[in-house]
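Reader: Take one part of this model and walk me through it closely. Keep it brisk, and give the cut-offs as you go.

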Amino acid sequence: MKVLVRTPEGVEEVRDVDAEYIIPGDLLDDGSLVLDLWDELSDDDYLAIGLYD
């Protein structure tokens, strides 16, 4: 499952996570915070994180 995370350094990135149950607000093993599930992001979200021009 792909999720949008914020790393402990403050970088937002999309990651593929090997977890059956994950929700926004969960912390990953490396301390990254799950911000949103990738499939639930809107076009406005893509613009905000710079994936669209």
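Author: Strand β1, residues 2–6, pairs with β2 in the antiparallel sense, over 5 bridges. Strands here are DSSP runs of E with at least two residues, helices are runs of H or I with at least four, and both are numbered from the N terminus. Two strands pair if DSSP finds at least two bridges between them. The model is predicted: local features need pLDDT of at least 70, side-chain atom pairs count only at pLDDT 80 or more, and totals for chains, interfaces and linings use all residues. Residues are numbered from 1 along each chain as its sequence is written, and side-chain values use heavy atoms, with hydrogens and water left out.

Start at Lys2. Lys2 lies in β1. Its bridge partner in β2 is Asp16. The C-alpha atoms of Lys2 and Arg15 are separated by 5.4 Å, although the two are 13 residues apart along the chain. Lys2 touches Val14, Arg15, Asp16, Leu37 and Trp38, residues up to four places away in sequence not counted. Contact means heavy atoms within 4.5 Å. Lys2 is partly exposed, at 46% relative accessibility. The classes are buried under 20% relative accessible area, exposed over 50%, and partly exposed in between, with a 1.4 Å probe and protein chains only.

Next comes Val3. Outside four places in sequence, its contacts include Val14, Val17, Ile22, Val34 and Leu37. Val3 also belongs to the largest nonpolar core, of 7 residues, with Val5, Val17, Ile22, Leu28, Val34 and Leu37. Such a core is a set of buried Ala, Val, Leu, Ile, Met, Phe, Trp, Tyr and Cys residues joined through side-chain atoms within 4.5 Å. β1 and β3 are the elements that give two or more residues to this core. In soluble globular proteins, nonpolar side chains tend to be buried together.

Past the strand sits Thr7, in the loop between β1 and β2. Thr7 counts as buried, at 8% relative accessibility. Leaving out residues up to four places away, Thr7 touches Glu13, Arg15 and Ser32.

Arg15 leads on to Asp30. Asp30 touches Pro8 and Arg15, again without residues up to four places away. A polar contact of 2.8 Å joins the side chains of Asp30 and Arg15. That term means a pair of N or O atoms within 3.5 Å; within protein, one must be able to donate a hydrogen and the other to accept it, and residues adjacent in sequence count only if both atoms are side-chain atoms. Asp30 itself is in the loop between β2 (12–16) and β3 (33–37). It is partly exposed, with a relative accessible area of 42%. Asp30 and Pro8 are 22 residues apart in sequence, yet 8.1 Å apart in space, C-alpha to C-alpha.
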